[in-house]
Amino acid sequence: MADVTTTEGNFRLPDGAEVYQKTWSPSTPPLAKLVHFHGFSDHINNYFDLFPALARQGIRCTGIDQRGWGRSVHTKADRGNTGPTAVILADMAAVIQAQQNTAPDVPVFISGHSMGGGLVATLASTPEYQPLVASLRGILLEAPYIGLTPEQTPGSLVVMAGRLAGRLLPHFQLTQKLMIENLVRDPTVQTQIKNDPLNHMTGTLEMFANMLDRAAALTAGKLVLSEGVQSVFVAHGTGDRCTSHDLSQRWFDQQTGRVPPRQKQFKSYPGWSHIMHADLPENRQVFANDVAAWILEKAQERSARL
């Protein structure tokens with residue numbers, strides 16, 4: 001990986017808390033910058049060759065292990081303790097703004113996978129962050145948590161009980177074991193995820209309740225994509241057994257009406273699993289190339305706000 005430089009460190013969040021950050025930089029001046037937000041029980045080092053592959057094509061990639069996840073966890077009490085949605089969005093905005101301040105002439109994109117994709121969609125639909133979102137060249141969502149598949153969707157009574165418990169005992173932790181075989185098809189990746197000590201599968205009741213609330217608001221259209229979003233790329237596998245391909249497409253169809261046709265795409269990947277960046281080995285470079293092609297094309301275009 002001599003053609004890609006990686007740097008690791010800590011990022012200070014608005015309230016002074018520090019989280020782990022990693023960056024993949026190309027050997028030449030970047031053509032674009034990508035800020036990525038991971039999903040539930042995930043971390044930024046769990047993306048296999050995606051970020052190096054993008055960096056080799058001139059895209060500087062960075063991301064944090066968000067509060068409660070990965071290398072930002074230091075005690076058991078930290079596991080899944082993300083804070084409320086308002087805190088998460090403020091954290092995301094701080095990371096994005098820091099990237100905008102570095103090489104400000106280079107276009108910035110943001111992306112998210114699974115729960116992280118739902119968070120990116122939420123940020124892009126929250127009026128408080130409309131100016132920030134409008135200053136970005138685009139958003140990319142990989143198998144976003146807009147809604148779950150029917151098999152994974154909890155019943156209404158479970159949801160109501162969870163929300164009540166989240167208000168009464170917000171920091172109570174619950175381990176949610178996932179069927180890794182439902183997330184990715186490659187047996188080698190399945191084993192790696194199962195054996196990764198950073199994938200603790202634990203969240204606070206507050207975290208689970210807020211995650212459900214965000215998805216419900218996105219699915220119902222209560223959160224409306226902000227005016228000024230410059231481009232939208234959504235990728236979802238039809239074989240996803242975790243988040244719903246159809247609900248993602250419905251969100252895209254309903255929310256991107258103000259985005260010019262050439263600046264938006266919903267791309268279905270037949271048979272692909274939830275963890276698209278680590279699907280079958282022969283698919284990984286395909287996905288990286290699709291993401292890179294979209295970013296580089298939009299980065300070269302004149303900003304819609306100029």
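**Exercise 1. How many cavities of 30 Å³ or more does the count come to?**

Solution. This is a predicted model. Start with the count: it comes to three cavities of 30 Å³ or more. Next, take the largest cavity. About 110 Å³ of space lies in it. The second largest cavity has a volume of about 70 Å³.

**Exercise 2. Describe the lining of the largest cavity.**

Solution.
- Step 1, the residues. The lining has 13 residues. Ser 111, Leu 140, Glu 142, Phe 287 and Val 291 lie nearest the centre of the largest cavity.
- Step 2, the elements. Two or more lining residues come from each of strand 3 (32-37), helix 1 (50-56), strand 5 (108-113), strand 6 (138-142), strand 9 (232-237) and helix 9 (281-300). Strand 6 gives the largest share, three residues.
- Step 3, the classes. The lining of the largest cavity divides into nine nonpolar, three polar and one charged.

**Exercise 3. Find the angle between helix 2 and helix 3, then say which residues make the contact.**

Solution.
- Step 1, the geometry. Two packed helices are described by the angle between their axes and the distance between the axes. Helix 2 (residues 85-101) and helix 3 (residues 115-123) pack at about 85°. Their axes are 11 Å apart.
- Step 2, the reading. Angles of 65 to 115 degrees count as roughly perpendicular, so helix 2 is roughly perpendicular to helix 3.
- Step 3, the contact. Helix 2 brings Ile 88, Leu 89, Met 92 and Ile 96. Helix 3 brings Leu 119, Val 120, Thr 122 and Leu 123.
- Step 4, the classes. The contact has seven nonpolar residues, one polar and no charged.

**Exercise 4. Which residues line the second largest cavity, and how do they divide by class?**

Solution.
- Step 1, the residues. The lining consists of Ile 64, Gln 66, Arg 67, Trp 69, Thr 82, Ile 88, Asp 91, Met 115, Leu 119 and Arg 214.
- Step 2, the elements. Helix 2 and helix 3 each supply at least two of the lining residues. Ile 88 and Leu 119 belong to this lining. Both also take part in the contact of helix 2 with helix 3.
- Step 3, the classes. Five residues of this lining are nonpolar, two are polar and three are charged.

**Exercise 5. Describe the largest pocket by volume, lining and class.**

Solution.
- Step 1, the volume. About 860 Å³ of space lies in the largest pocket.
- Step 2, the lining. The pocket is lined by 37 residues. Phe 40, Gln 176, Leu 178, Phe 208 and Met 211 lie nearest its centre.
- Step 3, the helices. Helix 5 (156-168) and helix 7 (205-220) each supply at least two residues of this lining. Helix 7 gives the largest share, five residues.
- Step 4, the classes. The lining of the largest pocket has 21 nonpolar, 13 polar and three charged residues.

**Exercise 6. Is the radius of gyration of the protein close to or far from what the globule rule gives?**

Solution.
- Step 1, the elements. The protein has nine helices and 10 strands.
- Step 2, the comparison. For 306 residues the globule rule gives 19 Å. The radius of gyration is 18 Å, close to that value, so the protein is as compact as a globular protein of that length.
- Step 3, the extent. The C-alpha trace spans about 50 × 40 × 40 Å along its principal axes.

Definitions and conventions. Residues are numbered from 1 along each chain as its sequence is written. This is a predicted model: local features need pLDDT of at least 70, side-chain atom pairs count only at pLDDT 80 or more; totals for chains, interfaces and linings use all residues. Side-chain values use heavy atoms; hydrogens and water are left out. On a 1 Å grid over the protein atoms alone, a cavity is a set of points where a 1.4 Å probe fits but cannot get out, and a pocket is an open set with protein on both sides within 12 Å along at least five of seven lines; lining residues have an atom within 4 Å of a point. Grid points are joined across faces, edges and corners, and a volume is the space filled by probe spheres set on the points. Helices (H or I, at least four residues) and strands (E, at least two) are DSSP runs, numbered from the N terminus. Ala, Val, Leu, Ile, Met, Phe, Trp, Tyr, Cys and Pro count as nonpolar, Asp, Glu, Lys and Arg as charged, and the others, Gly among them, as polar. Axes are lines fitted to C-alpha atoms, for helices over the stretch in contact, and angles run from 0 to 180 degrees between N-to-C directions. Angles under 35 degrees count as roughly parallel, over 145 as roughly antiparallel, 65 to 115 as roughly perpendicular and the rest as oblique. Contact means heavy atoms within 4.5 Å. The radius of gyration is taken over C-alpha atoms; the globule rule is 2.2 Å times the number of residues to the power 0.38.
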